[in-house]
Amino acid sequence: QCQGFRTCFRMAVLLETTLGDIVFDLYTEERPRACLNFLKLCKIKYYNYCLIHNVQRDFIIQTGDPTGTGRGGESVFGKLYGDQARFFEMEKVPRIKHKKKGTVSMVNNGSDQHGSQFLITTGENLDYLDGVHSVFGEVTEGMEVLMKINEAFVDKDFLPYQDIRINHTVILEDPFDDPSGLPIPDRSPEPTKEQLDSGRIGADEDINDTKGKGAEEVDELLKEKEAKTKAILLEMVGDLPDADVKPPENVLFVCKLNPVTTDEDLEIIFSRFGLIKSCEIIRDWKTGESLCYAFIEFEKEEDCEKAYFKMDNVLIDDRRIHVDFSQSVAKIKWKGKGGKYTKDDFNAYEKDQDSRSKFALKDKVKPKQDSKYDLVLGDEEEEPVPSHQPPGKKHNEKRHHNSDDEDSRKAKKTKDSMKELHREKGRKAGRPRSRSRSRSRSRSRSRDRDRHHRHGKSRERHRQEGGERHHGYDRRDRSRSPKKSKDKERSRHR
């Protein structure tokens, strides 16, 4: 038995899309005004050839705008009563939630009003849509088509790259009477050129590039696509000025070189094919050792081609080289890219960084005191030299005392600036230098006098000791002489 009007009779609409058919069941009792608007728009073929202009994966699919921009569309009441009835008020009671996939809702225009645009949910429990967009139906057939649309490739604005359209709408059951003045066409109108021209891949275009091609052609096509993708990636990171840039055709790439081969040797060998603009063996920028490959730039492309055909697999310095056309664009300079760098460039950069660091620390470094001058303070008095202490030791102690004073003064003046330090030195340098010179002269004179005095005493001491030794030797000789003692004994006996 029937349990309600909707159970016995399906208030349904069929949407024929470019990817398949989808069937809606409408909540005509809960949302009569929204269902009336939707059914009558389908009846006048308003949705025919409308683009699906918003596909957000696992969230929503939005359509119903004949302009395909998401900013157009009007209700059936606008068709009947003019622009003042372009939108109608949304129905908030009873409240129906977006709990499951395939929920169909009228899109809010920002003022709690509806026009012609509607959305279909592709996610579950989308509570933040409740109370904003009015639910008026659900998808009962064609969920696989809905998921196919959900997987479409889109741009940053969620617009599919390939057109997905509503080709036709079929009303399966309409419980509402047609309003007077409703323009119902006899047949579905043909699409205009403006409707089909979206600037994207057409809905009926076959984008299968491998169709009708052999295995080698497909492989070559895949390689071209991969190379294009890498070029675009390099352009994005700033290593290429343009993804479509091509390497120069007058440059050869030479590899498998012997490390002992020099630039001059390579230039002489290849110069027989024509004038060479540059010949460079690439080297490690730190060690300067050869990386065993080089680039040779010719003046003419014809000379480059001759060298390519003649020099491949040629023996140079006991190594068979390989020659190919260069694929490098390192010498091409553009904004944001300075081109190639050499070892000299890096050395210059390091020197520049070192010099900058020295200049930055120059103001922080304390200048060393001149070791030629001993600073003597004016209030210091010269202590007398004791007799048991040599003057050199006194001078050393004074120098140590002066150095200690200098260290203490340096520790106190570390917070002063360079200018104040130089001014202080200028004020104090006059008196201490003259005093230090006079005192150093007096010290030198006293040292000379002491030196002469010591030398005189030592000479007298040596003379006395020498005389005593001489007299003692004579006495010993006289007393211990055997001949003289014998003569004395003989004279006694006589």
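Helix α2 is followed by K45, whose phi is positive, near 60°. The model is predicted, so local features need pLDDT of at least 70 and side-chain atom pairs count only at pLDDT 80 or more, whereas totals for chains, interfaces and linings use all residues. Residues are numbered from 1 along each chain as its sequence is written, and side-chain values use heavy atoms, with hydrogens and water left out.

The chain holds 13 helices and 16 strands; these are DSSP runs numbered from the N terminus, with helices being H or I of at least four residues and strands being E of at least two. Of the 494 residues in the chain, 32% are buried. Here buried means under 20% relative accessible area, exposed means over 50%, and partly exposed lies in between, with a 1.4 Å probe and protein chains only. The chain exposes about 33,900 Å², and carbon and sulfur atoms supply 49% of that area. Accessible areas come from the Shrake-Rupley method with a 1.4 Å probe, and for residues only the protein chains shown count as cover. Among contacts (heavy atoms within 4.5 Å) between residues at least 6 apart in sequence, 68% join residues at least 24 apart.

Helix α2 comprises the twelve residues 32–43, and at 1.5 Å a residue it should span 16 Å, which agrees with the 16 Å between its end C-alpha atoms. The expected span is 1.5 Å times one less than the number of residues in the helix. Because nine of its twelve residues are buried, α2 is largely enclosed by the rest of the structure. The buried residues in α2 are A34, C35, L36, N37, F38, L39, K40, L41 and C42.

In soluble globular proteins, nonpolar side chains tend to be buried together. A nonpolar core is here a set of buried Ala, Val, Leu, Ile, Met, Phe, Trp, Tyr and Cys residues joined through side-chain atoms within 4.5 Å. The largest such core has 37 residues, of which F24, L26, F38, Y47, F118, F136 and I149 touch the most other members. The elements that give two or more residues to this core are β1 (12–17), β2 (20–26), α2, α3 (76–81), β7 (103–108), β8 (113–121), β9 (134–141) and α4 (143–150). The largest share, seven residues, comes from α2.

Not counting residues up to four places away in sequence, F136 touches D25, L26, Y27, R31, A34, C35, F38, V104, S105, M106 and F118. A second, separate core has 18 residues, including V254, F273, I316 and I321.

V104, one of the residues touched by F136, is found in strand β7. V104 is buried, with a relative accessible area of 1%. Leaving aside neighbours within four places in sequence, V104 is in contact with F24, F118, L119, I120, S134, V135, F136, G137, E138 and V139. The C-alpha atoms of V104 and T121 are separated by 6.8 Å, although the two residues are 17 residues apart along the chain.

I232, L233, L234, M236 and V237 form a nonpolar patch with about 490 Å² of accessible area together. Patches are made of residues with over 30% relative accessible area and no salt bridge, with like charges joined within 9 Å and nonpolar side chains (Val, Leu, Ile, Met, Phe, Trp, Tyr) within 5 Å. V237 lies in helix α6 (residues 215–237), and its 56% relative accessibility counts as exposed.

Side chains of opposite charge can pair when their charged atoms come close. A salt bridge is a side-chain nitrogen of Lys or Arg within 4 Å of a carboxyl oxygen of Asp or Glu, and by this rule the count comes to 15. R57 forms a salt bridge with E151, with the closest N and O atoms 3.6 Å apart. R57 lies in the loop between β4 (54–56) and β5 (60–63) and E151 in the loop between α4 and β10 (165–171), so the pair ties together parts that are 94 residues apart in sequence. R57 is partly exposed at 46% relative accessible area, and E151 is partly exposed at 43%.

The closest N and O atoms of the salt bridge between D155 and R200 are 2.6 Å apart. D155 lies in the loop between α4 and β10 and R200 in the loop between α5 (193–196) and α6, so this pair ties together parts that are 45 residues apart in sequence. D155 counts as buried at 14% relative accessibility, whereas R200 is partly exposed at 28%.
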